[in-house]
Amino acid sequence: MNGAEAIGLSTLLLTGFLLVRDGDVSVGDVTAAALLFHRLFGPLGTLLLSFDEVQRAAAALARLVGVDDLDVPAGSSLAVVGESGAGKTTLAAIVGGCSRRAPARSR
């Protein structure tokens, strides 16, 4: 993303230099165009990060689809084990009806 911005801005400034030298545009015109081009990359970065989150959510959903239903009879116990990051806490939150863990309270 930074490389694309640098190449685009460099191209714009070089073209602007040539147009100013020939008297077709003013330095202010080129400056305004360069600033507007630079400001375009903030929203584009946000959009790309949002797209990344959507892809992660889709991958997580695909992993959940393959999980079979589990029936735990009343009065029995169930142990959930796994490596750190395997989703034990997330599973407990889902079973408990919470969509997220509650934020830590300050004392």
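R56 counts as exposed in this predicted model, because its relative accessibility is 59%, and the cut-off for that class is over 50%. Its partner is D52: the two residues form a salt bridge, and their closest N and O atoms are 3.1 Å apart. D52 has a relative accessibility of 30%, so D52 counts as partly exposed. Why are D52 and R56 separated by about one helical turn? The reason is that they stand four residues apart in helix α2.

How many salt bridges does the count come to? The count comes to two. Besides the bridge between D52 and R56, there is a salt bridge between R21 and D22, with the closest N and O atoms 4.0 Å apart. Here R21 and D22 are both exposed.

Let me now turn to the chain as a whole. The chain contains three helices and zero strands, so reading from the N terminus the elements follow the order α-α-α. The chain has 107 residues, and 6% of them count as buried. If we take the contacts in the chain with a separation of 6 or more, 40% of them come from residues 24 or more positions apart.

I continue with the packing of two helices. Two packed helices are described by the angle between their axes and the distance between the axes. Helix α1 covers residues 2–21, and helix α2 covers residues 27–65. Their packing angle is about 170 degrees, and the axes are 10 Å apart. Are these helices roughly parallel or roughly antiparallel to each other? Angles over 145 degrees count as roughly antiparallel, and therefore α1 and α2 are roughly antiparallel to each other.

Which residues make this contact? On the side of α1 they are A4, E5, G8, L9, L12, L13, G16 and V20. On the side of α2 they are V27, V30, A33, A34, F37, H38 and F41. Sorted by class, the contact of α1 with α2 consists of eleven nonpolar, three polar and one charged residues.

We may look at F37 in more detail. F37 belongs to helix α2. Leaving aside residues up to four places away in sequence, F37 touches E5, G8, L9 and L12. For F37 and L9, the separation is 28 residues in sequence, while their C-alpha atoms are 7.1 Å apart in space.

A second example of this kind is A6, a residue of helix α1. A6 and H38 lie 32 residues apart in sequence, and the distance in space, C-alpha to C-alpha, is 9.2 Å. A6 has a relative accessible area of 42%, which means that A6 is partly exposed.

My last topic is the aromatic residues. A pair of aromatic rings is described by the distance of the centres and the angle of the planes. The structure holds one such pair. The ring centres of F37 and F41 are 5.3 Å apart and the planes stand at 65 degrees, so this pair is edge-to-face. The cut-off behind this is that planes over 60 degrees apart count as edge-to-face. F37 and F41 both lie in helix α2, where they are four residues apart, about one turn of the helix. Is F41 buried or exposed? Its relative accessibility is 14%, so F41 counts as buried. F41 is also among the residues of α2 that make the contact with α1.

Note on methods: Residues numbered from 1 in each chain as written. Predicted model: local features only at pLDDT ≥ 70, side-chain atom pairs only at ≥ 80, totals over all residues. Heavy atoms only, no water. Phe/Tyr/Trp six-rings, centres within 6.5 Å; stacked < 30°, edge-to-face > 60°. Helix = DSSP H or I, 4+ residues; strand = E, 2+ residues; numbered from the N terminus. Buried < 20%, exposed > 50% of the residue type's maximum accessible area, 1.4 Å probe, protein only. Axes fitted to C-alpha atoms, helices over the stretch in contact; angles between N-to-C directions. Parallel < 35°, antiparallel > 145°, perpendicular 65-115°, else oblique. Contact = heavy atoms within 4.5 Å. Nonpolar A, V, L, I, M, F, W, Y, C, P; charged D, E, K, R; others polar. Salt bridge = Lys/Arg side-chain N within 4 Å of Asp/Glu carboxyl O.
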